[in-house]
Amino acid sequence: MKQGGETRQRNSSHVHDPPFVIRHSLFAIHHCPPMPNSPVRVRFAPSPTGYLHVGGARTALFNWLFARNRGGKFVLRIEDTDDARNTEAAREAIFGGLRWLGLDWDEGPEVGGDFGPYYQSQRKAIYDSYLAKLETAGRTYTEENGAVRFKFSRQPIVVTDLVCGDVHFAATEEPDMTIRRPDGSYIFHFVNVVDDIEMKITHVIRGEDHLSNTWKHIDLMHAFGVHPPRYAHIPLILNPGGSKMSKRDEGSAIESYVNEGYLPDALFNYLCLVGWTPRAEDEKLDRQKLVSLFDASEIHSANARWDMTKCKWFNAQYLREASPDALLDAARPFLKAAGYDAEAFAHASAALQSVKEKVSLLGELPGWVHFFFREDYPFEDDAVARLKAKPDNKALLQAVAAVLSSAGEWNEASVHAAIDQVAAQNSVKPGAIMPLLRFALSGQTRGPGVTTIAHLVGKESTVRRIARACAEVLP
RNA sequence: GACCCAUUCGUCUAGCGGUUAGGACACAUCCCUUUCACGGAUGCGACACGAGUUCGAUUCUCGUAUGGGUCGCCA
């Protein structure tokens, strides 16, 4: 665990290089960290070229946590400089995904702010003016085809990183980088740096895949005569195979969690734990707690694999804790998708409560409660087999139906009493009748307590269900 | 190939020189139980390797190996 502000030496051959000297900047720069008391401003800067990816969502989450923890601003900026690859659908997936997770942005699209526009496609004039500064300083040159390149300083550069410590890069031998295409559009590294300057970003929290390029950004910052922001490069999320999560991996799109029936709070909680360990007794923590506990300098530096099983476990935990109303609301679209209207059964909420600790995902719910909503439920093979296992079963069921149909009260206790009565009369244990009743009432071998099922569906339906089972399965 | 980051149970991790190396998920067994589950208990299970430094290394240094990432007129 790293301590805040600690500077760690890396096993780099440049550890002993002196602090680098800036020779090619427009202005003299004193080598000092950014003002510690300036208000925190962080940003999430996705490119709308695909879906919102779990890695992107986690990056947004860490930025959001940092901003909320420090009372700063969380900015959303859309990096759509390559318009050939941007789609409306991808933009909606990003906004929708962030909102679903509860990652509200203080400035950005649909919200506004003092540093807009927040689409890079609308900021060309700003980029042009910054390019002019570079040209004036003699830090650019134009290729024959019109592309513009930035002349690297070719000095050693140190990246000061909250997560990785001081990372030293030797004077580069790479070709100067292109910052503007022949058609006049700008390249990522350039616009990213310009906007971070313009939007007064104080901390850049992003994936570790950017670490190797950060020296280029710092080189540009220096050329503009500004201090670079603080950096925090967070570890990558790996798939179960151990390589960077990509669109092809299961669970890479946030949308899939929405569709499978995760609760936003559950994903939020698990996402926090990938790359960071809150200093708390438990791993299950609410948003407020996570915000107050968040410390960017405690983010891990090693990549982590995505554990879908554990993610699911968190969802199961949150499902069990959901209030009846919240569970009903969350389940409603999933019931609808399976063809059941939550309003069609008076005790829908109670039905859901009766199975909530049996499932991990909202999407599993319909399979556990469908028989509450209809009486023509199918009889599963193993239920049929169990019903047919003993010749006495039909008589037992009919006896139960007879007693139940004359029951005065209708509650779980009275149903239980009826079963006990039939059991005694037939010299069998109640435990021999319970399963049969379950098969008859639900068509399944597993499910809520059988007295609960009978109670919720009511007396008439219970008797009808037994009669149908006897007629169709035990003719 | 060059450069950068990393390496503790199967997975996520705690650990910041001396611990029976702790927890969570998963798995196994038992208890509970009308089913399926929940819950409870117990168990299984790790410091990549090699040199240093040190009285003593999981912990510090160097090297090796392995994994990941970056080297675009993608972001």
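Helix 18 (residues 459-472) has 14 residues, so at 1.5 Å a residue it should span 20 Å; its end C-alpha atoms are 20 Å apart, which agrees. The expected span is 1.5 Å times one less than the number of residues. Helices (H or I, at least four residues) and strands (E, at least two) are DSSP runs, numbered from the N terminus. The model is predicted: local features need pLDDT of at least 70, side-chain atom pairs count only at pLDDT 80 or more, and totals for chains, interfaces and linings use all residues. Residues are numbered from 1 along each chain as its sequence is written, and side-chain values use heavy atoms, without hydrogens and water.

Three strands form an open, antiparallel sheet in the order 3-4-7. Strand 3 (140-142) and strand 7 (177-180) are at the edges with a single partner strand each, so one side of each has no neighbour in the sheet. Strand 4 (residues 148-150) pairs with strand 7 over three bridges; pairing requires at least two DSSP bridges. Arg 149 has Thr 178 in strand 7 as its bridge partner.

The largest pocket is lined by 42 residues. Pro 46, Ser 47, Gly 56, Asp 209 and His 210 lie nearest its centre. Helix 1 (54-70) is among the elements that each supply at least two lining residues. The largest share, five residues, comes from helix 1. A pocket is an open set of points on a 1 Å grid over the protein atoms alone, where a 1.4 Å probe fits, with protein on both sides within 12 Å along at least five of seven lines; lining residues have an atom within 4 Å of a point.

How values were computed: Chains are lettered from A and ligands numbered from 1 in the order in which they are written.
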